[in-house]
Amino acid sequence: MKKIYLGIIFSLIYTSSLLAQSNTTFTYSIGFGTGDLGEFVQAASFRGVSVDFRKMVQDNIGIGFGLGWNTFYEELASDTYTQGNSSLTGKQYRYSNNIPITLSTAYFLKPGETVNPFFGLGIGTMYTLRNTDMNLYTLEQEAWNFLLQPEIGIQYMVNDITALTISGKFNYGFKAGSELDAAQSYFALNVGFAFLN
Amino acid sequence: MKKVIMGVLSISLLWGCKPAGPEFVEDIDVVYTTFDDTFDFAGKGTYAMPDQIVTDIEIDNGDTTFVFMNAALAAPILNEIDAQMSAYGWSKIDPATSQPDIVVMPAAIKSTTVYYSYWYDWWYGGWGGWYGGYWGWYYPPYYTVSSYTTGSLIITMADPDANDNPIRESQTAWIMVGNGLFVGDYNVSRVTKAIQQGFTQSPYLKTN
């Protein structure tokens, strides 16, 4: 009985090192706002993470899900905002929290090799929470955008189960709801580790 | 396990990177102005203003009395309003001797918001708390009481003759509100800056 167990364990380890069953990445994410988001916060976001899990259905094709979080922030110098007869002057503090949630697929060009480029596409939703703070008040706007997320990247195998990964994702969240009147989009540069087993 | 550690690490890293916000009380000072666009400011030229700033009213047995700001604090505020009016071509007159085109009324108010909250803090000592097999709540819960005070300077302009209505009161032609956190250091430069900004963003007040 023990031998059978050992046999199963060995065969599992053997197959896992030969052929990855899954490909999971944990990355630090830098965001660059584009379109309406880029106008709202011009500064790049250095606060972000991204997690992607892909089940390998073939040697080179993975299907799974992705989750990310990028926080955009900018402090605007004191300025005057005029609407009709009224003007308001003060500093603005702008925040945009973007959480893309996707079902995704990835195609790996060189599975099993040291340098393994890939591209993929995620489809899902992006939660956008935008705050414009002035004085003691905040204007809060939110949206659940329909999201398309193309991705391109490279994984560099460090050993049989660990790889360094770098990828670029473009998050395009279509206009949604009535609070934000434009599509929300940003480019994310993700750097981190991939674990294969 | 590696994945869990990585996940926890990245979430806690992110938590530590919550973006900043206002750092100084001046950062949240705002100045609001609005005006009646049917009012002919350019056609007027004289104004009168009281030499005290109302901060409160007291009602005692039906008698209403005004509470005024300390003269030492009021003086630089009133001087700044005079300076700005003069720069826009207005001349100050004594209402006892002649009728002004408009009256300028400054007022200052303070408002304190008190809030109160409590929570039960759960056992926490890193992940060890989970492995210990039990985790619970401290008792009694923490209570916090906190408050903030905001101060506003309100300046209004009205034509004292434009009171041809059933309640015999003049409609305000211009209003300015400078608002910020009141911190009790009586830094009058925040107020004079607000007045300067109020006039800067209201160029239609110019008569010259």
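**A guided tour of chains A and B**

Begin by selecting strands E6 and E7 of chain A: a hairpin of four residues connects E6(A) to E7(A). Helices (H or I, at least four residues) and strands (E, at least two) are DSSP runs, numbered from the N terminus. The model is predicted: local features need pLDDT of at least 70 and side-chain atom pairs count only at pLDDT 80 or more, while totals for chains, interfaces and linings use all residues. Residues are numbered from 1 along each chain as its sequence is written, and chains are lettered from A and ligands numbered from 1 in the order in which they are written.

Stay with this pair. E6(A), residues 137-157, runs antiparallel to E7(A), and nine bridges join them; two strands pair if DSSP finds at least two bridges between them. Select Glu151(A) and the residue opposite, Lys169(A) in E7(A).

E7(A) and E8(A) are antiparallel and are joined by 12 bridges.

Now colour E7(A), residues 162-173, by face. The covered face holds Ala163(A), Thr165(A), Ser167(A), Lys169(A), Asn171(A) and Gly173(A). On the uncovered face are Thr162(A), Leu164(A), Ile166(A), Gly168(A), Phe170(A) and Tyr172(A).

Zoom out to the whole of chain A. Its secondary structure consists of two helices and eight strands, in the order α-β-α-β-β-β-β-β-β-β from the N terminus. Of its 197 residues, 37% are buried; a residue is buried if 20 or more other C-beta atoms lie within 10 Å of its own, exposed if 12 or fewer, and partly exposed in between, with C-beta atoms placed from the backbone.

Colour chain A by pLDDT, the predictor's confidence in each residue, from 0 to 100. The average is 90, and 90% of the residues score at least 70. Over residues 10-17 of chain A, however, pLDDT stays under 50.

Finally, move to chain B and select helix H2(B), residues 71-87. H2(B) has 17 residues and reaches 24 Å from its first C-alpha to its last, close to the 24 Å expected at 1.5 Å a residue; the expected span is 1.5 Å times one less than the number of residues. Which residues of H2(B) are buried? They are Ala74(B), Ile77(B), Leu78(B), Glu80(B), Ile81(B) and Met85(B). These residues lie on the same side of H2(B) because they cover an arc of only 155 degrees around the axis, the arc being that of the directions from the helix axis to the C-beta atoms. On the other side of H2(B), Ala72(B), Asn79(B) and Ser86(B) are exposed. End at Gly89(B), which follows H2(B) and has a positive phi, near 90 degrees.

Note on methods: Two residues are in contact if their C-beta atoms, placed from the backbone, lie within 7 Å.
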